[in-house]
Amino acid sequence: MAAWKKELGWVLLLLLGVVVIGNLTGLFIPLLFLLIVGMLVWQIIQINRFERWISNGGRGKYPKAKGIWEDIYYHVYQIKKSEKKRKKKLGKIIDQFRKSTDALPDAAVVLGKEDEIEWANTAAKNVLGLQSSDRGQRIPNLIRFPIFVRYLKSSNFNETIIMPSPTNSHITLAVRVVSYGAGLRLLLAQDVTQLRKMEQMRKDFVANVSHELRTPLTVLKGYLETLQELDEPLPPLLTHSFQQMHEQTERMQYLVDDLLLLSNLETQPKKTHCVDIPTLLGKICKESENLHNSAGRIELSLETSAHIYGDEQELRSAFSNLLGNALKYSSKESSVKVRWFQIKESLVLDVVDKGEGISEAEIPRITERFYRIDVRRSNKVAGTGLGLAIVKHVLLRHDARLVITSELYKGSTFSCVFPLDRKC
Ligand code: ADP
């Protein structure tokens, strides 16, 4: 039987007793009063016992009780027991999580809404110099590198920043912030010293090789030109061979020049001054027409007279490459449009051709170094496969981006989009 029914049964039985005795003795009212007061006192004693047990944390076995109180004690005891079990399980998970994050070679720091440190792993202590006592402190007050402070303030966490370790300037860190939950952020810092060293070695190697190849190439080219210009007629086989050798050394020279230009773009500091783009485009169009035997093919449309801050030499290389490609990869009869204009927040240079076009799948790949579409198609046209890589690098150094739209056999548009704050 349910405990409450038992309890009710007892009350009714006592009441019946009071009615019978009350009728026999004529003391019904005082006996009823005594019964109610007695039951009230008994319940108060039970509540008091329960309150004492629960205020002690409900620890240990519950006190002995009767009726419905035994049930109450039992249920509360069970809830406490399962809560204890859950806590233990959670504690174990947290412990495992702590151990695994502590074993991570990368630094991890949980930041609150105000950039205050909520938790950090061991690597964060070693590599970022954070102490356990720094908990609750704002991280920009502890790591004061301007690039880091600006990054945290910007709230644009799509990119990774590179900065030295605050504990050891020989260690280079790649720092990234990931947002999660309600205003929480996870800061990750990876030691990229070795990677950066290898990257630097690659850059130095390419720059040195390109530089060292220049002199022997010039000597070879010189001798070949002298041999070709000899007064005595050469046998046809030799004439053909010299022609081939001359073409190949020329190709190598272009390759070396482009490689040197690329490595300069990667290593040289930026030089910025106000560049007169309309005048520069006028010059480049003329030069390109001459270089590619394409007189009258270029239509230059200057819709703005805007100048921009940048490096004239670098911009000249980028624009010449785009114009050269438009002329190279379209028929000699078709025209090429060059437009310099402003839209909303950008200044744009469009180079539009009606040439062979580029398939959608190839578009993301053509800016890779040495990538040339369908070697058979491209081999008909001289090139190094480095032109668009140079364009991409130059634009990157000018906070600009290259947008390519193209349709096979219809033509392509290469747009250089500069932010308006480059205007001068
Ligand atoms: P390349 O020296 O081969 O011209 P680029 O890096 O300038 O090297 O271009 C890479 C490839 O992209 C080229 O080989 C060519 O196939 C393709 N490409 C570049 N510009 C155009 C264009 N305007 N129209 C069609 N294809 C192009």
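Q: Is Cys-285 buried or exposed?
A: Buried: in this predicted model, Cys-285 has a relative accessible area of 7%.

Q: And how far is the sulfur of Cys-285 from the closest cysteine sulfur?
A: The distance is 13 Å, to the sulfur of Cys-416, which is too far for a bond. Cys-416 is in no disulfide, and Cys-416 is buried as well, at 0% relative accessibility.

Q: How many disulfides turn up in the whole structure, then?
A: One. Cys-274 is joined to Cys-424, with 2.0 Å from S to S. Cys-274 sits in strand S6 and Cys-424 in the segment after strand S12, so the bond ties together parts 150 residues apart in sequence.

Q: What's the handedness of the disulfide?
A: Right-handed, because the torsion about the S-S bond is about 90°. Cys-274 is partly exposed at 39%, and Cys-424 is partly exposed at 35%.

Q: What does the side chain of Asp-353 reach?
A: The backbone nitrogen of Gly-355, at 2.9 Å. Asp-353 itself lies in strand S10.

Q: Last one, helix H2: which residues are buried?
A: Leu-35, Gln-46, Phe-50 and Trp-53. The buried residues of H2 pack against helices H1 and H3.

Q: And what follows H2?
A: Gly-57, with a positive phi near 90°.

Technical notes: Residues numbered from 1 in each chain as written. Predicted model: local features only at pLDDT ≥ 70, side-chain atom pairs only at ≥ 80, totals over all residues. Heavy atoms only, no water. Helix = DSSP H or I, 4+ residues; strand = E, 2+ residues; numbered from the N terminus. Polar contact = N/O pair within 3.5 Å; in protein donor to acceptor, adjacent residues only side chain to side chain. Buried < 20%, exposed > 50% of the residue type's maximum accessible area, 1.4 Å probe, protein only. Contact = heavy atoms within 4.5 Å. Disulfide = S-S within 2.5 Å.
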